[in-house]
Amino acid sequence: MNNFSWQRAVIKVGSALIAPEGNQCSARYLLPIARFITASREAGKEIIVVSSGSVAAGRSKIPIHHPASIAEKQAMAAIGQTQMMANWQRFFDFPCAQVLLTADDLHDRTRYVNIKNTLRELLLHQALPIVNENDTVAVNELKVGDNDNLGAYTALVAHADTLIICSDIDGLYTADPRKHSDATLIPKVSEITPAIYGLAGGAGTAMGTGGMRTKIEAADKCTKSGIQTLIVNGRNGQVFDALAEGRSVGTLFTATQSSKRARRLWLAHTLKTRGIINVDAGAKQAIVDRGASLLPSGIVTVSGGFSAGDAVEVRCNNIPVAKGLALYDEKDLVQIKGLKSHQIGETLGYDSGEVVIHRDDLVLL
Ligand SMILES: Nc1ncnc2c1ncn2[C@@H]1O[C@H](COP(=O)(O)OP(=O)(O)O)[C@@H](O)[C@H]1O
Ligand SMILES: N[C@@H](CCC(=O)OP(=O)(O)O)C(=O)O
């Protein structure tokens, strides 16, 4: 059995676990998952849940005798979403926080930054973020479409090091075991090749979306960014005992590089620089020697016409020092440069946090 260690994980729970009868929420499979979440948090780890099940949970409240239309599914999701959240909350004495996203939110730079900041703040305050697609507003073109890929995007935006996909099957098999009785479990995948995609069949039940294919897509996105991905059977409580003991079960897709390194490379080399922030010697020293975030007090000038969420070069005496993601538009930085962090809100009438570039979003050049 492989070792399995992690610090910040996204755990994706499919509809078949939330609403196993396909028409309302059930606690049947959630108790071991909830115990694992609580124990992991007590051990100092951080968890974000991506939970499916709103449509399945709301299905019985919209009685129909034909395949559900989009609007009917959206109505089911609106009813089921609150039930799904309540179903989770009863396992915890810390707050569960509802985060509803669409593909559009993840692709828009400003909204992406807002999602990132909200998740960061929720974790900081020991809340449990529970993410789902905002099914009531999103039609197909605006949707991520399945929660496996939503889990991957969430892991990326939250800088998680691990994605755990809890399904109704033990992991990736050599073929869909529901159709091929001789299929065998693949415990570890080090490289996601077309042959791996070729193993994937569709959803196993009417409730599921995407089957194995979307799980492999999610693993592909994650492992390339340094996020290991595990597919496990969420119906088997012993799985979570094993994970708590640091043992890998199911199918582990190993990361091709560490998430920190992948992110540093992405920031330094992939993102286009949209502006320049010149800082004083004190700010430079804090960033370089102490790995600190950039505060408004150290900013001398800003230029380039950048917006919040853009990559900017941090310079001192015009010499490049670092590159990072700005949390404020250039026009707002003009107003708050040189000020103390607590003055941001009163000066701008809003605040996106006390720092201008968070240390997690800074890479030294
Ligand atoms: N190669 C494969 N290995 C394992 N399961 C597979 C494979 N191909 C297709 N499947 C199907 O994928 C299903 C899990 O996906 P899905 O039904 O979407 O559930 P979930 O709600 O967990 O996302 C399994 O029940 C299985 O029938
Ligand atoms: N957003 C949908 C779930 C979509 C989805 O991917 O479902 P699943 O394949 O069960 O993880 C819902 O809450 O019903």
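View 1. UniProt, in an unreviewed entry, lists Ser52, Asp135 and Asn147 under "binding site"; UniProt positions follow the numbering used here, feature names are shortened, and annotations may be inferred rather than shown by experiment. These residues are spread over 96 residues of sequence but cluster in space, with a largest C-alpha distance of 11.1 Å. Ser52 sits in the loop between strand 2 (46-51) and helix 3 (54-58). Helices (H or I, at least four residues) and strands (E, at least two) are DSSP runs, numbered from the N terminus. This is a predicted model, in which local features need pLDDT of at least 70 and side-chain atom pairs count only at pLDDT 80 or more, while totals for chains, interfaces and linings use all residues. Residues are numbered from 1 along each chain as its sequence is written, and side-chain values use heavy atoms, with hydrogens and water left out.

**View 2. The salt bridge of Lys12 and Asp148.** The closest N and O atoms of Lys12 and Asp148 are 2.9 Å apart. A salt bridge is a side-chain nitrogen of Lys or Arg within 4 Å of a carboxyl oxygen of Asp or Glu. Because Lys12 lies in strand 1 (residues 8-13) and Asp148 in helix 7 (residues 147-157), the pair ties together parts that are 136 residues apart in sequence. The whole structure contains 17 salt bridges.

View 3. Domain 1 contributes 7 residues to the contact and domain 2 contributes 10 residues, contact meaning heavy atoms within 4.5 Å. About 680 Å² is buried between domain 1 and domain 2, 44% of it on carbon and sulfur atoms. Buried area is the accessible area (1.4 Å probe) that two parts lose on being put together, summed over both. Arg109, Val113 and Arg120 supply 59% of the area that domain 1 buries against domain 2, more than any other three residues.

**View 4. Salt bridges between domain 1 and domain 2.** The rule finds 2 salt bridges across this interface. The side chains of Lys116 and Asp361 meet in a salt bridge, at 2.9 Å from N to O.

View 5. Over residues 275-357 the chain is 27% helix and 28% strand. The end C-alpha atoms of residues 275-357 are 13 Å apart.

Methods
Chains lettered and ligands numbered in written order.
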